[in-house]
Amino acid sequence: MPQTQIHFSEPHVIKPTPDEWFVNKGSGTDFESRPSAWGGFITDNDHFYVRSHSPTPKIDVASWRLKIEGTGVQTSVELSYEDLESMPQVTLTRTMECAGNGRRFYKEHFGVEGEGGQWRTGAMGNAEWTGVRLLDILARAGVKPAARNVMPVGLDDHQVRRPVPVEKALREDTLLALKMNGKVLPPDHGFPARIVATGWTGTANIKWVGRIQVAAEPLHSPYNTMEYVLVGPDYPMPLPALGPAITEMPVMSVLDLDWPAELLAALTKEIQGRSYAGESGVREVAYSIDGGPWQLAEFFGPNLEGCWRQWRFPWQPSPGQHEIRVRATDERGRTQPDSVPWNHHGYLYNAVVAHPIVVA
Ligand SMILES: Nc1nc2c(c(=O)[nH]1)N[C@H]1C(S)=C(S)[C@@H](COP(=O)(O)O)O[C@H]1N2
Ligand SMILES: [Mo]
């Protein structure tokens, strides 16, 4: 159900966000996908979650320029949209997940809300992104050997910006995307250009990029010192950051069902879901029904680098209350834990959860 509704004179998100497809998080700019509406392997643009710190900016592409500058490049460069379109285009399918996905579970496990939007499991999606490799763009400015951090800066009100190590920026699978699922990037998803940072937290995928700062020194912004850092008794405080910056996303699983789910006994024969493991792949998925033994789910659909992997298992439930647990293991042998340590902002909740299901 939608939480507190705020009414704005102008919509802060441009695309339609009907309740059948999205859970409105109440901020006006945050819409969680309903996993029951995700569809197949690819999440189409209409169904992709939206997470923005400020309203979708309206950008005039004719006057828009991408500036590359800073102490880590030989020369400053300005590129137009046409310049980017004329460069070699690369297409990659990649899953994107917000670091705050699953934040609601902290409240349930610790009795205290992690600070931020109370996302359940739908702050993620999987799209085919087309654009220019960031390394090709940075090469135009000439990356100095001394370069350490690369910080794309958004043109939104908050100028969301967040440095990544130069090694991540120069990877072949880090893009400046111009297209999403074959269509011009939708305004809410970063038009004219957004970063795609394979396997990393949603925030590393900066939307509405206008400038890329390359620095020979470590860079800091509110988004790697105060937010998107792990703050809590079990984490160090590497000042000026209040905690370690989130990079890669951990292995997690989600059922393709609403929370809680309502199913009809006569129509239920199978349960589907998906698991995602950041820069790694998903190796094995096990499930347990009503606290019963763990069994292996069957994979189906594509198994692509940096993408979620779909799975299914048969289930013919009796009417009543049920719960399903799912536990994935990634290619590096990391399995979803039974609990995760507390952090103030409620990031990276990837523990096994009991999904409540009411069968009628
Ligand atoms: N400029 C800018 N980029 C941004 C954000 C933002 O608010 N401003 N939000 C980030 C966060 S927290 C996430 S999870 C993803 C969400 O991308 P989406 O709205 O396309 O799903 O974009 C990231 N990039
Ligand atoms: Mo996010």
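**Close-up views of a predicted model**

**View 1. The shell of residues around ligand 1.** In this predicted model, ligand 1 is surrounded by 19 residues, and the closest of them are Tyr-49, Asp-156, His-189, Arg-194 and Lys-207. Sorted by class, this shell is made up of eight nonpolar, seven polar and four charged residues. The site that holds ligand 1 is the largest cavity.

**View 2. Polar side-chain atoms beside the oxygen atoms of ligand 1.** Lys-207 places a polar side-chain atom 2.5 Å from an oxygen atom of ligand 1. Of the 530 Å² of accessible area that ligand 1 has on its own, the protein covers 100%.

**View 3. The aromatic pair of Tyr-49 and Trp-119.** Across the whole structure, a search finds 16 aromatic pairs, one of which joins Tyr-49 and Trp-119. The ring centres of Tyr-49 and Trp-119 are 6.4 Å apart and the ring planes stand at 85°, so the pair is classed as edge-to-face, for which the planes must be over 60 degrees apart. The two residues belong to distant parts of the chain, 70 residues apart, with Tyr-49 in the loop between β2 (30-33) and β3 (50-51) and Trp-119 in the loop between α2 (104-110) and β7 (124-133). Tyr-49 is also listed among the residues closest to ligand 1.

**View 4. Backbone features of the loop between α5 and β14.** Most residues other than glycine have a negative phi, and most peptide bonds are trans. Tyr-228, although not a glycine, has a positive phi of about 60°, and this residue is found in the loop between α5 and β14. Pro-240 is likewise found in the loop between α5 (222-225) and β14 (252-255), and the peptide bond that leads from Leu-239 to Pro-240 is cis, with omega near 10°.

View 5. The peptide bond from Trp-259 to Pro-260 is cis, with an omega near -10°. Pro-260 has its place in the loop between β14 and β15 (261-263).

Methods: Residues are numbered from 1 along each chain as its sequence is written. Chains are lettered from A and ligands numbered from 1 in the order in which they are written. This is a predicted model: local features need pLDDT of at least 70, side-chain atom pairs count only at pLDDT 80 or more; totals for chains, interfaces and linings use all residues. Side-chain values use heavy atoms; hydrogens and water are left out. A residue is near a molecule or strand if one of its heavy atoms lies within 4 Å of it. A polar contact is a pair of N or O atoms within 3.5 Å; within protein, one must be able to donate a hydrogen and the other to accept it, and residues adjacent in sequence count only if both atoms are side-chain atoms. Accessible areas come from the Shrake-Rupley method with a 1.4 Å probe; for residues, only the protein chains shown count as cover. On a 1 Å grid over the protein atoms alone, a cavity is a set of points where a 1.4 Å probe fits but cannot get out, and a pocket is an open set with protein on both sides within 12 Å along at least five of seven lines; lining residues have an atom within 4 Å of a point. A molecule sits in a cavity or pocket if more than half of its atoms lie within 2 Å of its grid points. Ala, Val, Leu, Ile, Met, Phe, Trp, Tyr, Cys and Pro count as nonpolar, Asp, Glu, Lys and Arg as charged, and the others, Gly among them, as polar. Rings of Phe, Tyr and Trp (its six-membered ring) pair if their centres lie within 6.5 Å; planes under 30 degrees apart count as stacked, over 60 as edge-to-face and the rest as tilted. Helices (H or I, at least four residues) and strands (E, at least two) are DSSP runs, numbered from the N terminus.
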